[in-house]
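Here is a set of questions and answers on one protein chain. Each answer works towards the value or name asked for.

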Amino acid sequence: MASDTELWRGTDYGWWLAADTSGAVGASLIAFAVPLMMLATTGSSAAATTTESICVVVQAVLGLAGGVIQDRYDRRTLMLIWGASGVALSAVAAAAVMLFGNAPKTSGHGVNGANAPAFGGPYAHVLPIALLCIVVLFSVRDGLLENTSNAMLRGVVPDEQLPHAMALNDARDSTVTLAGGPLGGLLMTVGHAVPFLTSAVLSVLGMVSAWRIRRYWKRATVDDSGHSGNADDAADDAIDVSGAITAAPRWRDALDGMIWLLRDRFQRHLIIAATMVTGASNAFLLLTALDISQGGSQLISAGFINAASAVGMLLGALMASQLVNRVPGGVLVGVMFALLAAGFTGAALVPSMVGKAIFVACSVLALPAGNAVLGGLSNTLVGKDKLGRVGAGSMVLQYGAYGVAVALAGWGMQTIGYGPTCLILATVLVAAAAYALTMRSLITLPTPDRWAEHIQRWSIAQF
């Protein structure tokens, strides 16, 4: 209880969480609506997943520049810019849907199903192009600015509170996912532009919350070379680039985080396993939502499998903050990978949607605890002034894997079918679990109070 009091009253975590949550809900509504609209207007699951893939690649590539921006400039200001751009882009998207899509057809059946979304009007064929352009702009904005709140968190919350804060964040993410799919479907039944209008309102709320953040870490002064006025940060910079940050080319600065992730053996093995999990699991969930939509189910039902995943995450998050400080981190991470592999394999083999939902819910029960361990460990290894670049490097690798997985899965669904494609994705998750569980430095990770000793014992690099 004292921990909760210190976190909520002793920091501006509450305002940070409100700002981050507003952005997360708005993003989930758009992420739900766009693929279904693309599917409805083109009749092609490959077109829907390819759109998603393009956006992910754009966001990942620009994330490298975003990491540098987030480390060099005031992060609260960047969160305000991110919110303002969200308002503008959401409004443009809503206008495009109203202009080119008109109202849903009252007698039409959409794509391969009586209840799939359908669009009428003489300019309906323009809508896919307009949506693609708009969501690419969203991806540009997200690549440059979305990770700002994550980079800012360690400057809002003390290091010893990070695992607890991350467990709370997982509970929040689960709630957003749980509500996002059904809410997105409900809003689309009211009007296809409504999810975008709702996202605009949420972006305004996020801006207000970000503006209220006062207590957070930031550089005292930054000169033209990028040096911080903080002596410790300046010393870190000197170590990272051989004492001559001014001599380092800008492209190297942008790649510093990804280079560190790939250079250290521990980080490299971990990021490979993480990219496999991110790509395969999210592609599985997206294909399932598209399959439900094509099958003629209600729009609200298309978010059913994501909601099941969120239920499992929420249950796991309720236990995570207690488990992190009591159970060795390696055990929690090992169980996380094993459950993901077993759960998604079961979901791929079971034919009924209810069975798939149960397996998916069980597969993510250990994910909040595992994420809290890995997130807390990563934050202790990375300096506050480098979190943006490391986050960007991780995003490039994981989003890149997701983009490739989604594109291939979409074509697979269209050629060999939904079932075989999901089996292939489940096999990737099994391979990722096997790879992660062979890392002795990972599976022997102790509780947080002994991390310093473990880092030294296994010579895990710090940045």
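Q: Which residues touch the most other members of the largest nonpolar core?
A: The model is a predicted one. Its largest nonpolar core has 105 residues, and helix α2 (residues 13–42) supplies the largest share, 12 residues. The members that touch the most others are Tyr13, Trp16, Phe196, Phe284, Met336, Phe337 and Leu442.

Q: How many residues are in the other core, the one with Ala60 and Val68?
A: This core lies apart from the largest one. Among its members are Ala60, Leu64, Val68 and Ala254. Its number of residues is 6.

Q: What does phenylalanine 196 contact, leaving aside its neighbours within four places in sequence?
A: Phenylalanine 196 is one of the residues that touch the most other members of the largest core. With its neighbours within four places left aside, its contacts are Ile30, Val34, Met37, Ser90, Ala93, Ala94, Val97 and Leu131.

Q: What is the angle between the ring planes of tyrosine 13 and tryptophan 16?
A: The structure holds 3 aromatic pairs, and tyrosine 13 with tryptophan 16 is one of them. The two ring centres are 5.7 Å apart. Planes under 30 degrees apart count as stacked, and this pair is stacked, with an angle of 20°.

Q: Why are tyrosine 13 and tryptophan 16 separated by about one helical turn?
A: Both residues belong to helix α2. They are separated by about one turn because their spacing in that helix is 3 residues.

Q: Is tryptophan 16 buried or exposed?
A: A residue is buried under 20% relative accessible area. Tyrosine 13 has 0% relative accessibility, so it counts as buried. Tryptophan 16 also has 0%, so it counts as buried.

Q: How many residues apart are tryptophan 260 and phenylalanine 463, which form an aromatic pair?
A: The rings of tryptophan 260 and phenylalanine 463 are stacked, 5.6 Å centre to centre with 15° between the planes. Tryptophan 260 is in helix α10 (residues 250–263), whereas phenylalanine 463 is in the segment after α19 (451–457). Both residues are buried. The pair links distant parts of the chain, and the separation is 203 residues.

Q: Which residue has its charged end over the ring of phenylalanine 463?
A: A charged end can also sit over a ring, as that of arginine 141 does over tryptophan 82, 4.0 Å from the ring centre. For phenylalanine 463 the distance from the ring centre is 6.0 Å, and the residue is lysine 386.

Q: Where is serine 203, and what does it contact beyond its neighbours within four places in sequence?
A: Serine 203 is found in helix α8 (residues 194–211). Its relative accessible area is 10%, so it is buried. Leaving aside neighbours within four places in sequence, its contacts are Gly83, Gly86, Val87 and Arg141.

Q: Which word describes helix α12 relative to α15?
A: Two packed helices are described by the angle between their axes and the distance between the axes. The axes of α12 (residues 304–324) and α15 (residues 367–381) come within 7 Å and cross at roughly 45°. That angle makes α12, relative to α15, oblique.

Q: Which residues of α15 meet residues of α12?
A: On the α12 side, the residues are Met313, Gly316, Ala317, Ala320 and Val324. On the α15 side, they are Leu367, Pro368, Ala369, Ala372 and Val373.

Q: What separates the C-alpha atoms of leucine 442 and glycine 330?
A: Leucine 442 lies in helix α18 (residues 440–443) and is buried, with a relative accessible area of 2%. Not counting residues up to four places away in sequence, it touches Phe266, Leu270, Gly330, Val333, Leu374 and Ala436. Leucine 442 and glycine 330 are 112 residues apart along the chain, but their C-alpha atoms are separated by 5.5 Å.

Q: How far apart in space are histidine 454 and leucine 442, C-alpha to C-alpha?
A: Histidine 454 is found in helix α19 and is buried, with a relative accessible area of 4%. In sequence, histidine 454 and leucine 442 are 12 residues apart. In space, C-alpha to C-alpha, the distance is 9.8 Å.

Q: What is the phi of serine 459?
A: Serine 459 lies in the segment after α19. It is exposed, with a relative accessible area of 59%. Although serine 459 is not a glycine, its phi is positive, at about 55°.

Terms used:
Residues are numbered from 1 along each chain as its sequence is written. This is a predicted model: local features need pLDDT of at least 70, side-chain atom pairs count only at pLDDT 80 or more; totals for chains, interfaces and linings use all residues. Side-chain values use heavy atoms; hydrogens and water are left out. A nonpolar core is a set of buried Ala, Val, Leu, Ile, Met, Phe, Trp, Tyr and Cys residues joined through side-chain atoms within 4.5 Å. Buried means under 20% relative accessible area, exposed over 50%, partly exposed in between (1.4 Å probe, protein chains only). Helices (H or I, at least four residues) and strands (E, at least two) are DSSP runs, numbered from the N terminus. Contact means heavy atoms within 4.5 Å. Rings of Phe, Tyr and Trp (its six-membered ring) pair if their centres lie within 6.5 Å; planes under 30 degrees apart count as stacked, over 60 as edge-to-face and the rest as tilted. A charge sits over a ring if NZ of Lys or CZ of Arg is within 6 Å of the ring centre and within 35 degrees of the ring normal. Axes are lines fitted to C-alpha atoms, for helices over the stretch in contact, and angles run from 0 to 180 degrees between N-to-C directions. Angles under 35 degrees count as roughly parallel, over 145 as roughly antiparallel, 65 to 115 as roughly perpendicular and the rest as oblique.
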